[in-house]
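Have the structure open and follow along.

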Amino acid sequence: EELEQPWRPTLPLCDKAIDLKAANKILSSAQTREKCLKIFQYASRLVAYVLLRGSLKDLGKHFEALSKNLSTARRFFKLFRFMKHFEDLADAKEEKDPTFQKLLYLDVAANVVADISEDWTSLEKVGFLRKGTLHPRTEYYANWCQLVLAVVEIIVTKIKADRAMEKASKPDASKEVLRKRTMAQLEFSKFLADLVKAFWDCELSFASELAFILSGLWAALVSTHKYAIRVLK
């Protein structure tokens with residue numbers, strides 16, 4: 001008789017089991033580790049949000065400070081991230097639809113500008129520059145770059161999700177095609193969350209702090225999942 005294999009958790013939308021080797025491989029990726037820190041950052045912020053509105057305000061301040069420290073730690077991982085977006089130029093060049101091709105080029109440009117503006121802010125945040133070196137509203141203007149990026153990404157990922165839906169609607173669609181459709185939909189939801197988060201960062205009057213926190217947490221979970229799948233492929 002064959003011995004029954006022990007149950008092992010698998011990564012959603014992926015057949016890879018999450019054993020010790022897979023976990024180490026995931027954590028060895030700088031991008032995945034940064035996204036894991038993002039989960040802890042917004043989870044801490046959510047705990048702080050609840051505690052600061054109750055009787056445990058001191059503990060709430062602790063989690064609020066922890067969230068800020070995790071945000072600063074993530075900035076080290078994100079430095080020079082803008083370089084990777086130049087790899088997307090090849091995909092944009094191969095796109096046959098001229099309108100969508102222009103959108104892809106715009107997407108690359110928006111990503112590069114947003115990441116460079118964030119890097120510029122990080123120079124003071126992490127201590128490379130003395131406090132007060134940059135304009136007091138440097139981070140605010142960088143946040144507006146992130147808002148514009150979120151809008152562009154929503155348009156681009158919506159088109160990609162629609163294309164994936166069309167392929168998945170065919171009767172002979174493979175499991176891989178169906179998974180790509182789900183991943184495309186998750187990516188679209190992630191950028192919707194980024195937009196909600198940007199409303200708070202840009203200090204818009206209708207923005208909600210709780211919506212900001214929950215959106216950041218959802219975006220972190222989706223991004224971590226996406227990069228974990230990439231690492232295990």
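One cut-off before we start: a residue counts as exposed when its relative accessible area is over 50%, as buried when it is under 20%, and as partly exposed in between. Keep in mind, too, that this is a predicted model.

With that in hand, go to Phe-80. It sits in the loop between helix H3 (57–78) and helix H4 (89–94).

You'll find Glu-203 in the loop between helix H7 (175–201) and helix H8 (209–232). Its side chain also has a partner: Glu-203 and Arg-137 meet in a salt bridge, at 3.4 Å from N to O. That pair links distant parts of the chain, since Arg-137 belongs to the loop between helix H5 (98–125) and helix H6 (138–168), 66 residues apart from Glu-203. Arg-137 itself is partly exposed, with a relative accessible area of 32%.

Why do such contacts turn up at all? Side chains of opposite charge can pair when their charged atoms come close. How many salt bridges are there in this model? The count comes to 17.

Let's pick out a couple that join helices. The side chains of Glu-34 and Arg-74 meet in a salt bridge with an N to O distance of 2.6 Å. Glu-34 is in helix H2 (residues 30–51) and Arg-74 in helix H3, so this pair ties together parts that are 40 residues apart in sequence. Are the two partners buried or exposed? Glu-34 counts as buried at 4% relative accessibility, and Arg-74 counts as buried at 6%.

Now move over to Glu-187 and Lys-226, which form a salt bridge whose closest N and O atoms are 3.2 Å apart. Here Glu-187 lies in helix H7 and Lys-226 in helix H8, 39 residues apart, and the pair links distant parts of the chain. At 19% relative accessibility, Glu-187 counts as buried because the limit is under 20%. Lys-226 is buried with a relative accessible area of 14%.

Lys-78, Arg-81, Asp-115 and Glu-118 are linked in a network of salt bridges.

Conventions. Residues are numbered from 1 along each chain as its sequence is written. This is a predicted model: local features need pLDDT of at least 70, side-chain atom pairs count only at pLDDT 80 or more; totals for chains, interfaces and linings use all residues. Side-chain values use heavy atoms; hydrogens and water are left out. Helices (H or I, at least four residues) and strands (E, at least two) are DSSP runs, numbered from the N terminus. A salt bridge is a side-chain nitrogen of Lys or Arg within 4 Å of a carboxyl oxygen of Asp or Glu. Buried means under 20% relative accessible area, exposed over 50%, partly exposed in between (1.4 Å probe, protein chains only).
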